[in-house]
Amino acid sequence: MRIIILGAGQVGRTAAYHLSREESNDVTVVDTNEDMLRDLQDRLDIRTVIGNASSPRVLEAAGIAGTDILVALTNSDEVNMLACHIAWTLYRTPKKIARVRSADYTEREKLFGENALSVDVWISPEQLVTEYVARLIRYPGALQVLDFADGRVRLVGIRALSGGPLVGQALRTLREHIPTADARVAAIYRSGRSIQPDGTTVIEDGDEVFFLAARKDIRVVMKEMRREEAPVRRVVIAGGGNIGFRLASELEYKSQVKLIERDPKRARRVSELLNSTTVLLGDAADEKLLLEENIDGADVFAAMTNSEEANILSAMLAKRLGAHKVMALINKPSYAELIESGSIDVAISPQTVTIGSLLAHVRRGDVVRVHSLRRGAAEALEVVVHGDADSSKVIGRRIEDIVLPHGTTLGAVVRGEDVIIAHHDTTVQPDDHLILFLTDRRHIEAVEKLFQGSASFL
Amino acid sequence: MKDILLPVAHVFAMVMMVFAVTMLAPLIMAIWEQDPALWSFVVSAFATFALGALLWLATRRFKRELKTRDGLMLVALTWVALPAVAGFPLWNYLPVNFTRAYFEAASGLTTTGGTVLSALEDLPRSINLWRHLLSWLGGMGIIVLAVAIFPMLGVGGMQIYRAEMPGPMKDSRLTPRIGQTAKLLWAAYAGLTAACIVCLRFTGMDWFDAVCHGFSALSLGAFSTYDANVGHFNSLRIELVLTGFQILAALNFATHYLAWSQRGVRAYFRDAEARAILGVLGVSCLGIALFLYFKGTYPDFPTALRHATFNVVSMATDGGLHTQDYSLWPIFAPMWMLFLCSIVASSGSTGGGIKMIRTLVLAKQANRELNQMVHPNMVRPLKVGGTVIANRVVFAVLAFVFLYFMSIVSLIFVQLASGLDFITSLSSILACINNAGPGLGLVGPGSNYGVLNDFQLWVCSAAMLLGRLEIFTILVLFTPTLWRK
């Protein structure tokens, strides 16, 4: 697929990396920063074009004619929307994705569409990250909580700890432990390596387990993996920027939220917009301030500032001062790896959270949702199957008869409103949503082929 | 040292195996013609492939993604080592020593085209085909070919592509994927070669000569199947075809591709280099024709124009095919031709020298300095063909030209010290470093490089490799930091 990415910022660079490492994508990146582009071109097999992202001449130089997807990820909402509109008006680019941060625009649905701004999909990384963090806080103990089928099915990553009834037992016994709920373990990572789970696999202390379950069953299943944790009541957020502010407004009704912001002006502004949140003016890495505000009683400390170094330090400090669980926003993948093995419980990488929503659009076949996992090494996706038993390789077959590439698990089937956890005898029907987990992203092409159906159908 | 060289050796082994496959062409020719060189090609192809396979297996453990320095090393290693491999059939079959075989192969691969062999028409056809094929492969570049064939060279591919492609600005690409760009360039190259071969066939050559000379014309090598070179045919139509295709080969192949995809010639007029090249060539041909006519070298102006055009274009584009012994022309003409061969060819072409784009950048930079003296507060970016050239590129060009001249001067001194006369030293080094072909004096078109001794031939071989890889890639091997961990 031919893809143009506008803007080589954090998100743009990650998108370029993820998209260009797939053989079938031709990626061109446009930005005004020449040094950044040169550096990017040295590391990735892409073309770069210097210039203003919304200028038709620059878009032409980047080969907009014949491009399949335009991804506008510059810092400016206005440039992004304008670029998409230009691409559609002048070149009929089939798919245009824009990063639109301001809720001012995104709240008004009429703005986007046929006779309005030609943006097919808008994404707001801040919003995605906020939702992600909010989900993590709602499920204490989880490392990752990802939505499929509009939240009907969730993929949960959790570290198994001794004390959970299932730990030390074979997976087969899950049914006996919880007869009312159903779940499917999609992958297990033991000391960084994936093991293919089957009925006889025994869960050990410290395993990172990914399971799929219907939303209502998640808590029950989580209880099997580790002792249940009390719901989060006290939250401390460091940083009143875009993400910190959104997170506070999302959580303030259910929990007691404190937000620490360094800049007086911003602190004032945030306090005006929020209702029950306590906004504190000060440095999140200030030991005295943290102690004064009873950091040792906090259930969650979330460091959400723009500076990842500050996030790491303040989160480590909060942990030492007694915060129960600490999270930090970290951009560099290498930092994230360093940190999660150390004293910070959850490292959140905004790019990994965002990239999934882009990947869903480049996948062939009808892929509705993609989540990138383990820093891009694994992937979970939701595919809709179309056709009939003759044209499709999966429809009308039992799951045990479908040949999946190595390391791929079919975890759940969503049929209309029903969630069916996949068992060997489940039969796939037309228009089912299948949820797959790939421990090795490199098999993605084989999976795409499997669900694309025969050529005659296309 | 070990963990720097071995991953590079792993990729080099693959290049060797591909190279062994190209030896099948002369091998099949030898079977077809039942000529006596067959055995040499069988042995060489087999030995090259086996060596490559062994090296590949032995270094498999060290496979990893190529970094910038690996790319440089791979290109340098390939170009230094391949002439030895390519020269093997010549060394095995012909009564020449290793030095001469290496020189001949290097001369082919770098598209220089100076030869040490004589009585070319009596050589087996397979040997001649091999010489021309080397030229043709070296023209667009073996590494670029490898990048086109092996997609997994991916990111590392860009590094090595940059180390081999001539020109100061190599970041612009035809397509987002480097492998795809390499494929398109090779396609343009192969397409033009095919067109040239067909034209030659229908202007009077037989198929074999047409193929060989087509290879020479597009790669801007100077090899011919005859001692008298193109003069052997004494045909105006052949000369016109070759002149045309040599000019095409001296232009940027990316421009050819653009012109082809736009179905029009606008791309050529937009290319500042192409405009300058055509201008310089036009003026030089006419000027030298007039000069030769007034000096009385040729009795009438049309003859003077005919010989001036073919030989000047051929020499200036670094092609080096010739019809006349121009070393016998009054000294101004051949010296002017040597000067042209240093500057005319375009970046991204198969020619050598400092490339027209660098000449333009330097000229404009000189002009800027002059203007700056008059208007000390003037702000003026350096533009070539409407595009602003970054100062970084200007500095790189200055450094390149300095190294280029220092290389020429020091190598000339080495040749002088070895006992050669001045004109031969000067012209042999200029012709070799610019990958032009024949020089003047002892190595002029009337004779060949066979008269030089082994030491002098090694100096020439070194000059050819330096010139083909634009100096930096070879010299970087001698910087200590490359070898440090």
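The following questions and answers concern a predicted model.

Reader: How many residues does the largest nonpolar core have?
Author: Among the residues with the most contacts inside this core are L185(B), A316(B) and I429(B). In soluble globular proteins, nonpolar side chains tend to be buried together. The size of the largest nonpolar core is 145 residues.

Reader: Which helix gives the largest share of this core?
Author: V144(B), L185(B) and C460(B) are among the residues with the most contacts inside the core. The largest share amounts to 13 residues. Its source is helix 4 (residues 68-93) of chain B.

Reader: Which residues does V144(B) touch, not counting residues up to four places away in sequence?
Author: V144(B) is one of the residues with the most contacts inside the largest nonpolar core. Leaving aside residues up to four places away in sequence, V144(B) touches Y161(B), E164(B), M165(B), A182(B), L185(B) and W186(B).

Reader: In what order do the 6 strands of the open sheet in chain A stand?
Author: The pairing in this sheet is parallel. Strand 3 (47-50) and strand 6 (121-123) of chain A are the edge strands, since each pairs on one side only. Neighbouring strands are turned by 15° against each other on average, direction ignored. The order of the strands is 3-2-1-4-5-6.

Reader: Why is helix 14 of chain B described as roughly perpendicular to helix 17 of chain B?
Author: The axes of helix 14 (residues 272-295) and helix 17 (residues 356-374) of chain B come within 9 Å. Angles of 65 to 115 degrees count as roughly perpendicular. Helix 14 of chain B is therefore roughly perpendicular to helix 17 of chain B, for their axes cross at roughly 95°.

Reader: How many nonpolar, polar and charged residues make up the contact of helix 14 of chain B with helix 17 of chain B?
Author: Helix 14 of chain B contributes A272(B), E273(B), A276(B) and I277(B). These meet M356(B), I357(B) and L360(B) in helix 17 of chain B. The contact divides into 6 nonpolar, no polar and 1 charged.

Reader: Is Q10(A) buried, exposed or partly exposed?
Author: Q10(A) lies in helix 1 (residues 10-20) of chain A and touches N331(A) and Q351(A), not counting residues up to four places away in sequence. A residue is buried at 20 or more C-beta neighbours within 10 Å and exposed at 12 or fewer. Because Q10(A) has 15 such neighbours inside 10 Å, Q10(A) counts as partly exposed.

Notes:
Residues numbered from 1 in each chain as written. Chains lettered and ligands numbered in written order. Predicted model: local features only at pLDDT ≥ 70, side-chain atom pairs only at ≥ 80, totals over all residues. Core = buried A, V, L, I, M, F, W, Y, C linked by C-beta atoms within 7 Å. Helix = DSSP H or I, 4+ residues; strand = E, 2+ residues; numbered from the N terminus. Contact = placed C-beta atoms within 7 Å. Pairing = 2+ DSSP bridges. Axes fitted to C-alpha atoms, helices over the stretch in contact; angles between N-to-C directions. Parallel < 35°, antiparallel > 145°, perpendicular 65-115°, else oblique. Nonpolar A, V, L, I, M, F, W, Y, C, P; charged D, E, K, R; others polar.
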